[in-house]
Each structure stands twice: as C-alpha cells, then as structure tokens.
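Please read the following notes with the structure open beside you. They are set out as numbered points.

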Amino acid sequence: MPSLRDLGEFEVLRRLAAARPTPAGTRVDAGDDAAVLRAQPGRDLVVTTDAFVEGRHYPAAVLAPAVLGARLALANLSDLAAMAASPRWALLSMGVRPEHDADDLVRLEAGLAAALSAEGAGIVGGNLAGVEGPEWFSLTLIGEVEPGRAWTRSGARPGDLIGVTGSPGRAAAGLRLLRQIGDASTVEDLVPVVDAWRSPACRVRAALDLARIGGATAAIDISDGFSGDLARLCEASGVGAQIDATAWPPDASLERAAGRLGVSVEELRFGPGDDYELLLALDPAEWSAQAQHPGVTIVGRFTEAPGVLTIRTADGGERALPAGGFDHFGG
C-alpha cells in the first residue's frame, strides 16, 4: 500500500487518470493542461461545485474511500437535480496528506466516478495538492438543460403545492448516530437512517421525469435542512409557506432514531440536515391533472405572506415552523 509520498505526484495522477473512463462529449481528456468539451447544440450549461472537508463534513475514518467519493458525487448531482439538468462532466480537486494511501485515493475516485457514470457524467480533470491539516475533496460538476427549462428558486406562487422527495431528517439522524456510536453495525434497526447519510439516493432521474411531466414552478436542494432551504426558496419567490404536520407519512426508522438521540422527529426533519432531497413548488392544476410522481410527498402549500413559514398541527392550530439550516459560519 504505497503512500502518495512513496509514489510522487505525477505517478499518482497517472494512476488516477488511467482508472476512470472518458465521458461522452470530451474532445481532450485529463492529461493536457485543460479538458476540451463539446456541449450538445442549443443547450444551456448548468455548473455547480461542492467540497467535503475532513472533520467538518464527514468524521474521519467513518466512510470507506469509495463511499466518500460517491457521497461527494451525490452532493453535486443533487444541485443539478434541483435545476432539472442532465449531468455531463466533472472536475475533481483533492487536498490530501502525503501519507495518504495511494490505493485508497484511487478507490475514492472510483466510487465517485461510478456514481457520476450512473447519471451519464464523468471526470475530465482536476487537481491534486498536498496538505498538512484536514484533508478536503472538491468537485465541480457541469450539466446541460434545454434553454429556459432550468428550474430555479424564484418561481413559486401562492397556492402552489409544496412537494418533497425522500424522508427529510433521516440523514441528520444518521450523522448524529455515527458521531455518537461510531460503528453503525451495532444499531441494525437504525441502518436506514445511517444509510440515508452514508449512501444517499440520487434524485437526478426523478427530477428529469418531473421536468418532462411538467408542473414544477420552483425547486431547491435541501442539503442544508428543510426549514432553512424552504426559507431560501420563499425569499427568492416572494412567498410564504404553510406545512401540514399531518401530511408526512409515518417513518418508524426516523422515530426510533429520534428516541435514541433524545430529540424530536420535528427537530431532525426540519432542522440542519444533510439530505440530498428536493423541495418543489408544484402547480396544483397541472399536478392533479396527471399521474402524480410516486417519489414526491405533498406536505403543504405556498402562501401570500412573504417569508412567513408556519406549520398547521393535527388539532387545527398553527405556529411558526422551527427555523434552522446548516451554516458554515454560524457556530
């Protein structure tokens, strides 16, 4: 198991380049000073980037290298899903310590490349840097969308339905459990929430299906937390929102995790999280007029009160939706 120091930068880069396929539309691949790409005629480009910092975004030694790579891919794929864009090309930059195992780095890239390839994208270059402190991995992902068809945060209207994919709160619970107990194998009944953080589902295909069906007026990825990202969408659209507490389907795994952690389901579901899920504004007429997407749960409506977020309880009462969202600099 040679380290990066044993092999040297250029041999490591050669091994990384040799281990990944070349995605379609690539005219000049990694190995030159820059990649040359050819977009499909008449398409808009959609570009996003995200970074994982050791100790900040993931606990050290908790994830296998391939799993960490796949999670980094999913973080970026989720942003493209929120724009209804098709992924194409990626640039991977890594800041790693000299003693990092070279084979583990290849495994990390393989996991990332496999997750990208499943959605039609691939790596076309990047950068490798040595660090002394926490390691970090940064991905830039480029996608395509038909002109004028990209979803944004600014199109929600009063009366639009609020839809969400997946089970928000599970990933937040999974990460807290991993930090609390370390070995997920000791909590078999909580594996679904641990897996929601460790190996999140990709929503690109669901987003593209929804885009073809039509009816979505706005969208956002809720990786920072349901309440915080809902507030961002409402601010961009100039609307408010009312969540129906009774609309959420039962989630036994989330309830067990909340009990184990000594917190409420609501705190996990609405607070700072790490769910790579989509929150959607849906035109009620178009949504009801066609086959509803099985992966979307309707949990409320947008309102005319800009920035006012409330939750309607089972007894008919109404109160403020708990605020919250991940903030890198919020303490």
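1. V12, R15 and L16 in helix α2 meet D103, L105, V106 and E109 in helix α4. Contact here means heavy atoms within 4.5 Å. Helices (H or I, at least four residues) and strands (E, at least two) are DSSP runs, numbered from the N terminus.

2. The model is a predicted one, in which local features need pLDDT of at least 70, side-chain atom pairs count only at pLDDT 80 or more, and totals for chains, interfaces and linings use all residues. Residues are numbered from 1 along each chain as its sequence is written, and side-chain values use heavy atoms, with hydrogens and water left out.

3. Two packed helices are described by the angle between their axes and the distance between the axes. For α2 (residues 9–18) and α4 (residues 102–117), the axes come within 10 Å and cross at roughly 35°. Axes are lines fitted to C-alpha atoms, for helices over the stretch in contact, and angles run from 0 to 180 degrees between N-to-C directions. The crossing of α2 and α4 is right-handed, a term for the near helix being turned clockwise from the far one by less than a right angle.

4. What is the strand order in the open sheet of four strands? The order is β3-β6-β4-β5, and the pairing is mixed. Strands β3 (44–53) and β5 (122–130) are the edges, each pairing on one side only. The twist from one strand to the next averages 15°. Two strands pair if DSSP finds at least two bridges between them; β4 (residues 86–96) and β5 have eight, in the parallel sense. L91 has G125 in β5 as its bridge partner.

5. Rings of Phe, Tyr and Trp (its six-membered ring) pair if their centres lie within 6.5 Å; planes under 30 degrees apart count as stacked, over 60 as edge-to-face and the rest as tilted. This rule gives three aromatic pairs. One of them is F226 with F270, a tilted pair at 5.5 Å centre to centre and 50° between the planes. F226 lies in helix α8 (residues 226–237) and F270 in helix α10 (residues 265–270), so this pair ties together parts 44 residues apart in sequence.

6. W248 and F270 form an edge-to-face pair, with 5.8 Å between centres and 70° between planes. W248 lies in the loop between β9 (240–244) and α9 (252–261), so its pairing with F270 in α10 ties together parts 22 residues apart in sequence.
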